[in-house]
Amino acid sequence: MNTLKTFRIGGVHPAENKFSENAAIETLALPKQVIVPLGQNLGVASKVQVKKGDEVKVGQLIATGEAFISANLHSPVSGKILKIDEAVDASGYRRPAVFIEVVDDIWDESIDRTPQIIHEIKLSKQEIIQRIKSCGLVGLGGATFPTHVKLMVPEGKKAEFLIINGVECEPYLTSDHRMMLEKPEEIIIGIKILMKALEVDKAIIGIENNKQDAISKLSEICKKHNGVSVQPLKVKYPQGGEKQLIKATVNREVPSGKLPIEVGCVVQNVGTAFAVYEAVQKNKPLFERIVTVTGKNILKPSNFLVRIGTSVTDLLEKAGWQPETAGKVINGGPMMGKSLSSIEAPIVKGTSGILVLNSNESYREKINPCIRCGKCITVCPMGLEPYLLARVSETGMFDIAEGSHILDCIECGSCQFTCPSARPLLDHIRLGKGKVAHIIRTRKN
Amino acid sequence: MNKLTLSGSPHVHSEMSVKSVMWGVVIALAPAFLVSLWYFGISALFITAVAIISCVLIEFLIQKYLLKEEPSISDGSAVVTGLLLAFNVPSSLPWWEMVIGSLVAIGIAKMSFGGLGKNIFNPALVGRVFLLISFPVDMTSWPVPAQNFFSLDAITGPTALGVLSEGIDAGKTVSELATILPDYSNMFIGQIGGSLGEVSAIALLIGGFYMLIRKIITWHIPVSYIGTVVIFTGIMWLIDPARYIDPVFHILAGGLLLGAIYMATDMVSSPMTYKGMIIYGVGCGVMTVLIRVWGAYPEGVSFAILIMNAVTPLINKGFKPVLFGNK
């Protein structure tokens with residue numbers, strides 16, 4: 001047996017629980033109202049361009065990304081702007097959002113709604129980047145970094161590899177998996193478009209070995225396309241982390257504090273590749289996405305095609321959740337997702353899944369003293385010492401935290417997942433990271 | 001609907017807990033205990049029970065009345081200490097000496113440092129060494145196996161390492177001593193004199209593999225420790241086989257397997273990175289051989305591990321994990 005590729009240090013293997021992997025993507029009925037938060041991307045929030053009472057169509061621009069790292073925002077529905085007000089979003093904070101009352105489903109005329117797949121890439125490199133920017137694309141793996149920014153390779157750097165993230169290493173989540181099974185042609189065309197934009201001739205799709213069907217389906221299509229290949233990977237969390245995926249696929253290590261382009265790589269999610277296809281070939285902005293709804297007590301674990309701004313409640317009800325047994329509702333997967341304070345929160349561009357944990361799964365175990373077993377060090381994919389970072393963060397020794405590379409932490413949670421003493425390592429490290437980043441900023445000014 | 005719980009990620013946790021680790025060690029020690037019961041009879045059960053009960057009770061009393069905190073005896077760590085302490089003494093040890101040993105192990109070596117996770121030295125070994133120094137005769141009178149099962153008064157004899165050490169000191173060669181040393185098959189199954197739990201190599205190895213599979217220990221410390229002893233004693237044996245006995249004897253005799261698999265691997269007092277663990281294991285091996293061959297005591301495992309326990313914080317500082325992106 002040949003051993004599968006994976007990243008070198010650390011990693012864990014939580015129970016996969018991919019209940020919804022066989023559930024075909026289902027289009028969710030239109031809601032009566034959507035709430036579209038203005039800050040859906042990493043970086044600066046979009047600037048609103050509509051006002052109360054305006055009529056909008058599906059795909060019409062409603063807010064623009066004006067800063068360097070920002071993204072456009074489009075109306076996911078047709079109807080009337082009710083108000084621009086604050087709403088509780090997935091982070092639990094009240095943030096500005098556009099409330100739209102849904103009337104009919106009238107799409108902007110410029111969007112090509114025909115079903116046929118368009119293979120020929122007509123746009124030039126610059127036009128592609130411009131189109132991706134105007135369509136408001138962000139990384140759909142969860143980090144929501146504006147896609148067009150990633151495609152603008154800095155002066156003096158050269159991209160050699162486009163790496164496509166089809167790993168989906170988070171337990172429970174299956175949205176990328178379904179996407180690869182149901183939209184493989186489109187994904188590959190999206191990849192070809194990205195390759196053209198980046199001027200690279202090699203693209204590698206990394207997929208974990210628990211998705212055999214996706215591996216064989218994409219490999220089959222790749223045969224027709226030069227330079228695109230599928231790399232099956234060993235199942236190990238957090239392989240979907242950018243740095244881990246680069247290590248696993250092309251065996252290069254992104255230096256501490258640097259971006260993937262430093263080692264000639266650009267990483268994009270499979271969902272983003274699909275969105276690129278739709279934006280460039282069909283002129284369709286990003287206003288809907290695939291969301292997995294899952295959990296042990298969900299009657300029908302599902303993958304929904306959902307308009308941005310739909311309330312989480314709508315998805316939960318459609319999938320048959322049982323509110324009386326639910327203890328925690330998570331935006332994302334169990335390892336890195338955020339627990340929601342309100343199920344009224346809207347689906348945003350970065351929502352890859354909604355996971356419901358039962359009340360008996362929602363409590364943390366009693367915290368015991370650190371027994372210095374070193375398991376947190378063993379599983380840390382960044383080669384850090386989580387026990388030490390947590391302790392110095394807890395006790396306010398931020399100079400040691402900084403010197404121990406706390407900012408390299410990718411917050412994957414492997415340490416806390418593993419800790420036999422159930423210590424809240426990542427809670428402390430997260431606080432320490434924030435503090436250290438602040439100290440560094442102050443020092444610079 | 002219930003109120004929703006809010007917390008930071010991760011929202012799931014592995015099966016492993018302090019409890020599962022400690023009780024896993026207890027299960028791993030079961031085969032060796034059964035062998036002891038077979039060879040040393042009811043006295044092995046008695047002294048083990050005294051050790052476990054004293055350790056647990058002392059921890060409970062200290063936590064409840066001295067530290068006034070919630071007792072955490074159910075985590076099983078005091079049971080492991082008691083069990084290991086019993087494994088490190090002759091089954092003929094008077095019960096009250098065992099109570100004193102437990103008091104030192106739990107009271108001094110563990111609780112006075114702050115309890116679970118804070119101790120520098122392996123508590124069971126501190127208890128053992130305290131007993132060895134305080135009651136040298138009782139601690140080195142080894143019951144001979146396979147007497148009457150229900151007898152609490154066993155006939156005592158020397159251990160294999162003791163016979164070797166005395167013989168060499170008296171100027172005899174290894175081959176002259178061969179007739180009075182136990183043969184290796186007896187040493188492998190455990191039909192020799194020695195501490196309660198250290199005699200059976202096979203039983204200790206079975207427990208060791210169990211802990212490896214359960215991921216309670218990793219191979220690094222036992223392999224580097226035993227490997228170092230084999231290489232070190234092997235070189236000396238090749239140089240002068242008349243004066244130095246072969247490495248197989250060193251593995252099977254005394255407490256090397258018990259120490260390398262169960263005591264040196266104690267999570268609290270051993271290093272945290274793989275590299276550190278290997279350095280530590282090599283250190284334990286070198287110390288053990290130095291004491292066994294040139295030291296005043298015939299056995300050096302306890303002292304070797306305690307010395308390396310003291311070095312552990314330095315090893316943790318000196319052997320950090322390799323940072324991602326550094327090459």
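This is a predicted model: local features need pLDDT of at least 70, side-chain atom pairs count only at pLDDT 80 or more; totals for chains, interfaces and linings use all residues.
I started with the domain assignment of chain A, with bounds from an automatic or database assignment: domain 1 (29–102), domain 2 (125–282), domain 3 (288–361) and domain 4 (375–444). Residues are numbered from 1 along each chain as its sequence is written, with chains lettered from A and ligands numbered from 1 in the order in which they are written.

Next, domains 1 and 2 of chain A: I get 27 Å between their C-alpha centres. Domain 1 of chain A puts 11 residues into the contact and domain 2 of chain A puts in 8 (contact: C-beta atoms, placed from the backbone, within 7 Å). On the domain 1 side I count 4 nonpolar, 7 polar and no charged residues (Ala, Val, Leu, Ile, Met, Phe, Trp, Tyr, Cys and Pro are nonpolar; Asp, Glu, Lys and Arg charged; the others, Gly among them, polar).

Then the sheet. I found 4 strands of chain A in an open, parallel sheet, ordered β11-β10-β9-β12 (strands are DSSP E runs of at least two residues, helices H or I runs of at least four, numbered from the N terminus; pairing takes at least two DSSP bridges). β11 (228–233) and β12 (265–269) of chain A each have a single partner strand, so one side of each lacks a neighbour in the sheet. Twist averages 25° from one strand to the next (axes are fitted to C-alpha atoms, for helices over the stretch in contact; angles run from 0 to 180 degrees between N-to-C directions).

Last, helix α4 (184–198) of chain A lies across β9, β10, β11 and β12 of chain A, at about 150° to β9(A).

Technical notes:
Two residues are in contact if their C-beta atoms, placed from the backbone, lie within 7 Å.
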